[in-house]
Amino acid sequence: MSTTNDNEQLSEQLDGTIERFVYQHPQNGFSVAVMSTKAHRSLFVTGYLNAVHPGQRITAHGQWITHPKFGRQFEVTEYVPHLPTTELGITKYLGSGLIKGIGPIYATKLVEKFGKEVLTIIENEPQRLEEIEGIGPKRAEIIAQAWQAQKHISTLMIFLQDKDVSPAYSLKIYKKYGSAAIALLKENPFRLAEDIWGIGFKTADKIAQKLGCAKHAPSRIKAGITHLLSTATGSGHIYCQIAQLKKEVVELLDLNAQEHEPLIKIALHELYEAQKIKLISYNEQHFITLSAYYATEFGIAQNILTLLNYKTNHKFDLNAVYRSLCEQDKKGIMLNEDQQKAILAVLQSKVTIITGGPGTGKTTLIKKLLELLDSYHVRYQLAAPTGRAAKRMMEGTGRHAMTLHRMLEFDPNTMGFAHNEKNALSLDFLIIDEASM
């Protein structure tokens with residue numbers, strides 16, 4: 001939202017009641033609402049008001065701004081919600097859709113029956129709701145459960161709003177942890193980096209600092225280690241040399257290397273005992289990786305072994321192939337020595353990886369390989385991770401190509417593939433471009 005600063009003042013506090021919402025974003029909770037205060041019958045407030053409903057009183061902190069199109073409004077940066085205290089406010093509050101099982105009609109009936117005590121009754125004596133015609137034991141239970149859930153969400157929102165956690169993430173946190181969210185975060189806020197998609201180590205660390213977590217806390221050191229192992233993959237590294245990893249942990253967490261060396265060793269030991277990391281040794285050097293990466297690499301190795309031991313149905317006359325590779329084709333194109341060796345390797349091996357920068361002749365190599373496969377009547381398919389890469393593959397080879405998801409027939413309903421180890425593709429050769437994606 002664009003604003004001008006002509007009327008902007010220092011942070012102010014407003015106390016009033018949310019009358020209605022003009023706009024609410026379904027995902028992040030950004031809202032435009034009409035609010036009434038003692039000084040203003042109605043004014044516009046904007047901000048992330050996830051845990052607020054019509055009829056509810058809030059204490060809002062923020063500043064006045066002037067929107068170029070909508071005029072003067074109060075921009076909320078923080079707020080504290082309060083339960084309504086008037087019968088009109090309670091009726092509007094309950095009738096807003098806040099509580100599953102209560103709409104405008106039942107909200108009116110409840111307030112007419114119980115008056116201002118209705119919220120206390122929902123909280124402490126939900127069985128009394130059955131005194132209202134149309135509310136049976138099942139609906140009363142639904143109302144009580146929805147009331148408790150809303151209380152927990154509101155409490156969590158307030159707890160997180162001064163810790164730089166957006167309302168959208170607050171909702172994700174509640175969906176993950178439920179009513180135990182605050183207790184779990186106080187125990188170990190770094191679990192957010194593992195459990196909540198979009199929240200990384202740095203955000204979790206900021207929350208931890210505001211919760212009073214010590215710089216050398218075991219949970220912080222362990223989180224820093226797993227964060228560094230995870231981000232190392234961005235540079236192509238699955239494993240980290242242990243001495244280098246310790247240096248990076250000290251730098252990331254701003255620790256004293258000599259003083260905190262024992263704590264880092266303990267953290268590594270605890271992660272290993274919890275099977276969060278794996279340790280391997282090679283040439284008298286020790287390397288660490290996340291257990292998930294180790295399992296993935298081990299699984300790939302096992303699959304490659306299976307392929308290597310699989311019986312092949314095709315035999316190639318390698319001498320004849322080599323002679324043809326040494327000659328110019330009809331277009332006057334002749335492969336270089338590396339390209340020739342690559343094709344011969346492909347025809348002799350079950351798994352081959354061909355690498356090279358742009359312009360090194362990978363596409364020319366694949367085109368020649370496909371010509372050979374056609375001459376031997378070999379069934380093959382071309383695929384790539386993305387639609388754009390598959391399209392480039394088609395343009396470069398003149399053969400049909402598709403995405404891996406389409407080739408394996410991905411089903412979004414089951415989040416699985418029709419083709420797998422139990423239902424293999426009907427082909428002899430599979431060529432995947434841009435596999436490093």
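**Close-up views of a predicted model**

**View 1. A three-stranded open sheet runs in the order β6-β8-β7, with antiparallel pairing.** This is a predicted model, where local features need pLDDT of at least 70, side-chain atom pairs count only at pLDDT 80 or more, and totals for chains, interfaces and linings use all residues. Residues are numbered from 1 along each chain as its sequence is written, and side-chain values use heavy atoms, with hydrogens and water left out. Strands here are DSSP runs of E with at least two residues, helices are runs of H or I with at least four, and both are numbered from the N terminus. Two strands pair if DSSP finds at least two bridges between them. At the edges sit β6 (240–241) and β7 (277–282), each pairing on one side only.

**View 2. Six bridges join β7 to β8 (residues 285–290) in the antiparallel sense.** Look for Ile-280, whose bridge partner in β8 is Phe-287.

**View 3. Helix α13 (residues 318–325) packs on helix α14 (residues 337–348) at about 155°, with axes 10 Å apart.** So α13 is roughly antiparallel to α14 (the cut-off is over 145 degrees). Axes are lines fitted to C-alpha atoms, for helices over the stretch in contact, and angles run from 0 to 180 degrees between N-to-C directions. On the α13 side, the contact (heavy atoms within 4.5 Å) includes Val-321 and Tyr-322, and on the α14 side it includes Ile-343 and Leu-344.

**View 4. Helix α9 (residues 218–231) crosses helix α11 (residues 257–273) at roughly 70°, their axes coming within 9 Å.** That makes the two helices roughly perpendicular (65 to 115 degrees). Among the residues that meet are Ile-221 and Lys-222 of α9, and Leu-263 and Glu-270 of α11.

Technical notes:
Parallel < 35°, antiparallel > 145°, perpendicular 65-115°, else oblique.
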